[in-house]
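Thanks for coming. Please look at it first.

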Amino acid sequence: ELKQNVYSIKNVVLKDEEEFTDILEERRCTTDLGYALRTFNPQPYKGAPSSSTSDLKKAVLESQYLRYIIALETGSSVEKVRQEARGILEEMSHNLQLGFIRLMAYTVNKVFKRLFRSIYVNMEGLNMLQQAIQESPVILMPNHRSYVDFLIVSFILFTYDIPIPVIAAGIPLASMKVVGEILRRSGAFFIRRAIGSDKLYWAVLSEYVRTIVRTGCAPLEFYVEGFRSRTLKSVVPKLGMMDMVLEPYFKGEVFDITLVPISISYDRVVEESLLALELLGVPKPKESTTGLFKASRVLQEDYGCMHVNFGRPLSVRQLCEGKINRSEYNLIPRDLPQRPSTEIQDCVNWVAHLIVRTQEEGSLISPWSLMACLLLQAPITTLTEEGLQWHGLTEKTLWLRKLVLDFRGRLNWPDSDVMSSTVALHHSIVHHKAGRVCLVQDGDPASQDPLSPEEGVMRTAAAVLMLVSYRNQALHVFVRPGILATAIHITKSTQKDELFSFFCFLRDVFANEFIFIPGRASQDFDEACSLLQKCGAVHMSEQEVTVLETGLEVLSFLQKLLQPFLDSYQLIFRYLCENGAHVFTEKQFLPAVQNLATKLILSGDLHTFEVLSSDTQKNVLSALRRLEAVTKLRNEYKVNKAAVRRTGDILCKIICDIPVKIKLLFCVRLENFVLFFTLLSLK
Amino acid sequence: MCHTFPALTSDRSSRICSLLYKHGSSMASNSSGSDSSDRQRIAQQRLSVIAGHLQRPVEGNSGILAAECKAQGDKLDVSSERRTVPRRRQEIMKWNGWGYSDSKFLYNKKGQAEFTGKRYRLSGMIIPGLREWMESTFGANLQHKTPAAPILNSSAVQPPTLNEAFLKELKSTGIPFSHDAEDRVFRSHGHCLHEIFALREGKIGRVPDLVVWPNCHNDVVKIVELACKHNVCLMPYGGGTSVSSALECPPEETRSIVSLDTSQMNRILWIDEKNLTAHVEAGIVGQDLERLLNESGYCTGHEPDSMEFSSLGGWVATRASGMKKNIYGNIEDLVVHIKMVTPQGVIEKSCQGPRMSTGPDVHHFIMGSEGTLGVVTEVTMKIRPMPEYQKYGSVVFPNFEMGVACLREVARQRCAPASIRLMDNEQFKFGHALKPQVSSIFTSFLDGLKKFYITKFKGFDPNRLCVATLLFEGDREKVLQHEKQVYDIAAKFGGLAAGEDNGQRGYMLTFVIAYLRDLGMDYYVIGESFETSVPWDRVLDICRNVKARIVRECKDKGVQFPPLSTCRVTQTYDAGACVYFYFAFNYRGLSDPVHVYEQVEHAAREEILANGGSLSHHHGVGKLRKEWMRETISSVGMGMLRSVKDYVDPNNIFGNRNLL
């Protein structure tokens, strides 16, 4: 039971029958100091021994596992290796202290009151979390869209008397003067970015993480996406940490583990402009304390509201039931490392994807995201020059709102004066004047030095990519029906099985772009069908999907929504086949694609700026690697020529107008690729 | 020294007997008179100790049973007069519950729990704490009764399917048999929860069509020959204490099923004092075997929890384990020679060498064969002189983790006492609830003081502490030395010695717990125990996870009250331990409690296997755990067992369908 007598629920916003409470409202009525010094008396996990951070470190260093790994490290003396392990652990360890939690709470509270109008939290989720924490070790899994959310969960848990988590953070944070240490004492532990094949480091890290989970000494918080999403779109989950976290369950060291997906949504993201620049190749500033102070001008701005949605706790035991056989761990001493079977690996991958999907489902879509969807479908010149009609935009936004509701999306739709206040909030991206909305472009338009055409493209791209990132926040609602709409558009087929196979193909190609839970293609397809049917876009029968007259608007919206992805992928495929070298590094690849794209944009042959984003470019590479059309050896990517020769002849007979090099892509999933390109070329 | 000579069956053994019976008795008789009276004294003491619960053995009623086999011998088997198990089990035992008819728990008019009869230490005593424990643990209530059907309704029993030709030839052999409904029902079940539950409701399924009581090995040979000739299904029956559905008649069996009850093959044929072995008929039950050997100053030391009723043949057929295996070994360590009658003939080894390298040990096809290959008729077993001194003990640990760590250390140092068992907190409380009414204020005062010392002074949390019970055996001096060693180890793990009483009560609990289940079943509580063996590094995990799984499954399956889910570590080995789980719940509000129970037990077994536990440590597989055999021993392993079965019993005469 939460101490609601202390923090009474006021300002309740009803959304989908879930109550969100503004936790800042209470904060604004009491003194910050009083709040920071409040009694903090959480109910920990019942099986947890009260252990200090030094106990934790000791347990890790003395573990059988680490001893085994240390003994394996040849080349230097055992004592030296142990010393090294100790060093790694020192660098890594958190040093959670209540005093610093109070300091953190005090500071964060001050900052958040400045930045945000409100921070909404769903109390029911918090209640369930509090319950779950007492029953088994809990893993808090928020999405990561902004630096701001690094301590938000700790801040909320402190406020509601729930044990403070230890948080996995990137090592650059640790090197920030003072701040690094404050974070460490607020529960952060630090992981190096490129661990590579450093076995000792892996061993120390994994034993550290497993010990935290095994003992349940504190909830563990980590970002399953691995890093902050620069595109505000969910990132395909990373599995290293997930593996470590789940292993104690697989090995029977704990009865169960509870995963709590947390969805954090922003009306406006603090680092929005930095993100776009970074995606265009302007390097991100190194995390530093001075940088943090310089960034203090962001405190002057209004960032609207923040929503923190604590998802329903998920039992790992229930998730894995029937998927894995834990007895594979029976024949090797448990303390020794064991390579998990593909069954286990698949399960971990599945769980990680499920969590990210759940985060997506739990996040709230703002009116601004919907407007961004629509703005991006207008011709770019309209946006940059005469502007889009305000009236039309608001009408269409309301239409889209209904579609989102049909698609079971969660909306954050304040009651009064939504549209203009939204646009006002995002004055850095668009401005609304004389019944029209225009894109704001950085830099002084009255500048004496005219920009080169290429610079002009980049300037527009920066603005567009900002818009894109807000569109991305809504994308998860539209992706499945969108892919079906695309399939219908491209194949012009009404046959369900045909559409399904094309749907699967697109789902496969874009698996690095959007989150699809592995092995659920047919559920995804069914979901897409039922949503399109529900909004009246199609009619479904046993064998057929027929487009309805009334559905053209929806289908065209959805198809246009995904068009930039198709265009981007197609362009990069073309680049690889026609222009690219057979062997290249990422450093060569990214600017080359950008150059080509810039040229094509200037010549009017390419209508999307998204291909300029390094994120898109990297995703295409990953997709091709996954499809085994490109291989990676150390830093080099290699296009598979042998496959071309093997398959070239056959392919020539099927499609003739595609350059030979492109056919290398067909070596895997042959039919799908053939189909894809055939249809694209027919279009 | 005069010894009674049991009847002998084969020429060879009778020669051995007449010449060598009681090998080394000359040595014994060389010893002085005081020595022999010492022996007597020890024997007396031993008798009183053996399964401390047996106050008085049942006086004989079996003289009348002497049949041909026994008549063949030159001398009367006097000792058989005091055998426990009569042909008509119903004369002394319950038909729908555990043990003797005269012994049971009940709530008297004052609402106090009481244990009836005169056989056990607890008999005739009031157990004041039991009611409150039952009410608080299960939410049981004396107002809510679920009484059992009072008498066996013979008309509910299907008429027997008799194989007339078989019957005719059987009659001519003179071997006793019966197709009386009661006799058949008694041999149609073991003591699984679902079996007893059904009987209490008066529900009777497929039962054997005929019961035969061979008196000796040769009788068995004849019966098996006839069964093969007439294609009759044979199901060996020993003590009937199976908890693996091993005695359930396969419903798909269409042949006439004959239950081969070995209980009348219960003689010790000879004792060899030079080699310290005894040759025993396989139908003898544990308590008789120990008692008779004790009279000669010996023991086997094999004491499974079911030893009052389980039989030697049953131990061999299921790979039984005894409480004191640390000194005496499990059944596979105790057996020197086995004789088994199979459809292909009799299997036995040609000598009694203590160890052989003659290919895979054929004994290991027999041990654990669960009645699928034949009937074990005679066994030569190791015996030991009775221990001079026996001492119980107990240690309280602040928590279960410390207790397990202590047991592990004891095993590492290979200094385990005859028995060492670690009960978890729930079982500790349970044991406490079973304390009989104390006679003096002083005792209760002392108890209070002890409790105060442990919980307040030593800071043990009463909801976390757990207790290990110990039993030491051997020379007095060595026992005391051994005791010190063990207590010193315990002290390193925060253990405090908690007295002999607690230890002894722990072991008593073993024998009465089966009776307690019947009491529970009178009040909506059903339960069962099951066991596993597991490597040391997984003991804590398996205990925690299986207990938690039981609780969760009960909740998921709609059980209205929290279940009792508890465990104890009952045996230590070099590389692991045996863990015993008890699980019981109040089934009020459930429409099909047995089904729920079975689902939970199934889930618990899955959990055991997932955590690296074995399918069974000593209960066996039967039909209850068959489904996991393949994953347990691999497909090749299954094929090996299958091919043995196919060779030994191609027509599936021993058709109980256990194991495979």
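Which element gives the most to the lining of the second largest cavity? That is α21 of chain A, with 6 residues. Before I go further, note that this is a predicted model.

Some context for that cavity. The structure holds 9 cavities of 30 Å³ or more. The second largest cavity has about 200 Å³ of space. Its lining consists of 20 residues, and those closest to the centre are A:Leu232, A:Ser234, A:Asn472, A:Gln473 and A:His476. Besides α21 (453-491), the chain A elements β8 (258-266) and α16 (342-362) each supply at least two residues of that lining.

On to the annotation. UniProt, in an unreviewed entry, lists residues 138-267 of chain A as "domain: Phospholipid/glycerol acyltransferase". Over that range, the chain is 36% helix and 19% strand.

Next, salt bridges. Over all chains, the count comes to 71 with a cut-off of 4 Å between nitrogen and oxygen. One of them joins the side chains of A:Glu91 and A:Arg192, with an N to O distance of 3.0 Å. What does this pair tie together? A:Glu91 is in helix α5 (residues 78-92) of chain A, while A:Arg192 is in the loop between β6 (188-191) and α11 (199-215), so the bridge links parts that are 101 residues apart in sequence.

Last, the surface of chain B. Which residues make the nonpolar patch of about 370 Å²? They are B:Phe452, B:Tyr453 and B:Phe457. B:Phe452 belongs to helix α17 of chain B, which covers residues 441-457.

To recap the cavity where I started: about 200 Å³ of space, with α21 of chain A as the main contributor to the lining. That is all I have.

Key:
Residues numbered from 1 in each chain as written. Chains lettered and ligands numbered in written order. Predicted model: local features only at pLDDT ≥ 70, side-chain atom pairs only at ≥ 80, totals over all residues. Heavy atoms only, no water. UniProt positions renumbered as here; feature names shortened; annotations may be inferred. Helix = DSSP H or I, 4+ residues; strand = E, 2+ residues; numbered from the N terminus. Patch = residues over 30% accessible without salt bridge, like charges linked within 9 Å, V, L, I, M, F, W, Y side chains within 5 Å. Areas by Shrake-Rupley, 256 points an atom, 1.4 Å probe, with all protein chains shown as cover. 1 Å grid on protein atoms, 1.4 Å probe; cavity = no way out; pocket = protein on both sides within 12 Å on 5 of 7 lines; lining within 4 Å. Points joined across faces, edges and corners; volume = space filled by probe spheres on them.
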